[in-house]
Amino acid sequence: MGRYITIVLAVLISLGCFAKNTKSAKKEKKQAEPQVELATKIDTASYALGIAIGAQMLEELEKDNYNKGIYAKAFCDVIFSNPTLMTSDSANRYMRQYVKELQNAAIEAAKAEEKKFLEENKKREGVIETASGLQYQVVKMGEGPKPTADSKVKVHYTGSLLNGKKFDSSYDRGEPTSFRLSGVIKGWTEGLQLMPVGSKFTFYIPAELGYGAREVGGVIPPYSTLIFEVELIDIISN
């Protein structure tokens, strides 16, 4: 919500605040843009700020399917002290509630998607489900020792979401990574203990064994099911 309000405060320059309103949006007729002369450093900085923040806000408006014409009209009404249909307090209250509803809907959709995927996935040949709900598939079974919950291991991995979007990969970085199993998500702690050194498994990790309600790095949404291809290279120490 704070990010939303911060961006909103400067965007209307790039959205054509002086030239557009709800009527023009409905008629879909392009109006003449105002002539702007960048005569001073302040003028230039103002225009540059509008371009930079406007581009960010435009992306948000389109992503969340907001009505850009109505948004522009409301913004202009505020900055030019015109009458508005809502007070600032009522607008903020409404937006908090609206964003909360969107978040709850997204959570429920993610949970439904996860349930459907895991129910179907565990029926696939070669997929095994543990008591915790972790699912895995053996790509290659190694012959080395297995790590314990306190082991430090060296692995190569690729992580992706259910939609196929890759969010991390040690292969892409060109080197394996090392960590203690006691310091990672539950799905990794459990799953890697099933792997002898030299193995390569695919893990299907439910959100409750992953990051749960947390958003991670702007690339893993809350309540995400995670798919990892993991190669256990070595046990560094126990």
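Is N65 buried or exposed? N65 is exposed, with a relative accessible area of 69%. The model is a predicted one, and its chain of 238 residues has 33% of them buried. The secondary structure comes to seven helices and seven strands.

**Overall make-up**

- From the N terminus on, the elements follow the order α-α-α-α-α-β-β-β-β-α-β-α-β-β.
- Among contacts between residues at least 6 apart in sequence, 68% join residues at least 24 apart.
- The chain has an accessible surface of about 15,000 Å², and carbon and sulfur atoms account for 53% of that surface.

**The largest nonpolar core**

- The largest nonpolar core has 24 residues, and those that touch the most other members are V155, W188, L192, F203, I205, F228 and V230.
- Two or more residues each come to this core from β3 (152–160), α7 (186–192), β6 (200–205) and β7 (226–237).
- The most is given by β7, with five residues.
- Beyond its neighbours within four places in sequence, V155 is in contact with S170, P176, T177, F179, W188, L192, V230, E231, L232 and I233.

**T189 in helix α7**

- T189 has its place in helix α7.
- The relative accessible area of T189 is 17%, under the 20% limit, so T189 counts as buried.
- Leaving out residues up to four places away in sequence, T189 touches A149, L181 and V184.

- Strand β4 (residues 166–169) pairs with β3 in the antiparallel sense, over three bridges.
- In this pairing, G159 stands opposite D168 in β4.
- Five residues lie between the two strands of the hairpin, and G164 in the turn has a positive phi of about 90 degrees.

- Most residues other than glycine have a negative phi.
- N65 is not a glycine, yet has a positive phi of about 60 degrees.
- The loop that holds N65 runs between α3 (41–63) and α4 (68–79).
- N65 counts as exposed because its relative accessible area of 69% is over 50%.
- S81 is likewise not a glycine and has a positive phi of about 60 degrees.
- S81 has its place in the loop between α4 and α5 (88–121).
- With 67% relative accessibility, S81 is over the 50% limit and therefore counts as exposed.

- V36, L38, Y47 and I51 make a nonpolar surface patch of about 360 Å².
- One of these residues, I51, is found in helix α3.

Definitions and conventions. Residues are numbered from 1 along each chain as its sequence is written. This is a predicted model: local features need pLDDT of at least 70, side-chain atom pairs count only at pLDDT 80 or more; totals for chains, interfaces and linings use all residues. Side-chain values use heavy atoms; hydrogens and water are left out. A nonpolar core is a set of buried Ala, Val, Leu, Ile, Met, Phe, Trp, Tyr and Cys residues joined through side-chain atoms within 4.5 Å. Buried means under 20% relative accessible area, exposed over 50%, partly exposed in between (1.4 Å probe, protein chains only). Helices (H or I, at least four residues) and strands (E, at least two) are DSSP runs, numbered from the N terminus. Contact means heavy atoms within 4.5 Å. Two strands pair if DSSP finds at least two bridges between them. Accessible areas come from the Shrake-Rupley method with a 1.4 Å probe; for residues, only the protein chains shown count as cover. Patches are made of residues with over 30% relative accessible area and no salt bridge: like charges are joined within 9 Å, nonpolar side chains (Val, Leu, Ile, Met, Phe, Trp, Tyr) within 5 Å. A salt bridge is a side-chain nitrogen of Lys or Arg within 4 Å of a carboxyl oxygen of Asp or Glu.
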